[in-house]
Amino acid sequence: MPYRSWLFVPGDSEKKLDKVNTVLTDVVIVDLEDAVAADNKQAARELAHDWLQFHIQHEGATGFHRWIRINAFDTPWWRDDLQAAMPGRPAGIVLPKCTGPDQIQQLSAELYEMEQKLGFEKNSTEILPLVSETAKAAMSIPSYIGDTNPRLAGLTWGAEDLSAAIGAGRKRDEDGAWTDTFRMVRAQTLLTAHARGVMAIDTLHSDFRDSDGLALMATASRADGFTGMLAIHPGQVEIINTAFTPTKAERAHAQRIVDAFAESPGLGTLQIDGEMIDQPHLVQAKRLLGEA
Ligand code: COA
Ligand code: MG
């Protein structure tokens, strides 16, 4: 099952948790963090617990991956979040405000104990950290390259908390492009994820009624090398899925490249329709066809 669209659902909203049954998202992230007010944390945990249990059967070919976002390690809440979620066997945990590989290690140790108690396979629960939510975290994104934790499924980033942390009055310039700070963070997330061999998940488009803007963003995101993208509204899911699915023409072109090299095994470089094609093109074509 692909990992193109990652839809956040507020953990305290029974209505929205029900709604995901009608949405073809690849991943559901039940949020216990920023989408849930302090007074609702316990109610959200209980709903999340029930939802995860109920949807265990949707973890499969036709359903969605079930993830949960716990509260950050600098809060009093994260341990109770894990206790509530783990019996429902979530596929993974989104860790907000992650400060670096040490916190991946810390979460991994907690999960190890819980998996043992619950009789789950060791290391079966994955982790996706939000790597950019403070200035210090944002400046140490490459440190994940040295991480070796088998649970690390990918890296993702967010602009909201970082802009609040640094007092940025804007995240985008007058043309709608990310300002330098956010471009740097995005590029580092992308490169570090590839250096580490895990998924690179692009951040969300908060203007959820702006379908055209999202389509442009998601198309650019895939073209830049991201695996998928975060979403906050059901209306964003199909747009993201489409943007992250290779078109027929792209697949056909990739197949031509693969075939051309297969027909001329001795050649390192050849041409197709007057364009030079060499090894990086072959790597790219195979990746697109899911063969790499
Ligand atoms: N997951 C599931 N269902 C959602 C949803 C979500 N993230 N966002 C909206 N819906 C549902 C609504 O309940 C509504 O359902 P209905 O058709 O049965 O009435 C439908 O989709 C249309 O929603 P709409 O009226 O357009 O939006 P809204 O005003 O209800 O909600 C937000 C807008 C932004 C509050 C909502 O999209 C949301 O809560 N997003 C997630 C926020 C979040 O998790 N943030 C943390 C990560 S940054
Ligand atoms: Mg946040």
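Analyst: One definition comes first: buried means under 20% relative accessible area, exposed means over 50%, and partly exposed lies in between. The model is predicted.

User: Is Asp50 buried, partly exposed or exposed?
Analyst: Asp50 sits in helix α2. Its relative accessible area is 48%. Exposed would need over 50% and buried under 20%. Asp50 is therefore partly exposed.

User: What is the radius of gyration of the chain?
Analyst: The chain has 11 helices and 10 strands. For 292 residues the globule rule gives 19 Å, and the chain comes close to that, so it is as compact as a globular protein of that length. Its radius of gyration is 20 Å.

User: Which residue forms a salt bridge with Asp26?
Analyst: Asp26 is buried, at 5% relative accessible area. The closest N and O atoms of the pair are 2.8 Å apart. Asp26 lies in the loop between α1 and β2 (27-31), and its partner lies 22 residues away, in the segment before β1 (5-10). That partner is Arg4.

User: How many residues apart in sequence are Asp273 and Arg256?
Analyst: Their side chains meet in a salt bridge, 3.0 Å from N to O. Asp273 lies in the loop between β9 (270-272) and β10 (275-277), and Arg256 in helix α10 (residues 248-263), so the pair ties together parts of the chain separated by 17 residues.

Terms used:
Residues are numbered from 1 along each chain as its sequence is written. Chains are lettered from A and ligands numbered from 1 in the order in which they are written. This is a predicted model: local features need pLDDT of at least 70, side-chain atom pairs count only at pLDDT 80 or more; totals for chains, interfaces and linings use all residues. Side-chain values use heavy atoms; hydrogens and water are left out. Helices (H or I, at least four residues) and strands (E, at least two) are DSSP runs, numbered from the N terminus. Buried means under 20% relative accessible area, exposed over 50%, partly exposed in between (1.4 Å probe, protein chains only). The radius of gyration is taken over C-alpha atoms; the globule rule is 2.2 Å times the number of residues to the power 0.38. A salt bridge is a side-chain nitrogen of Lys or Arg within 4 Å of a carboxyl oxygen of Asp or Glu.
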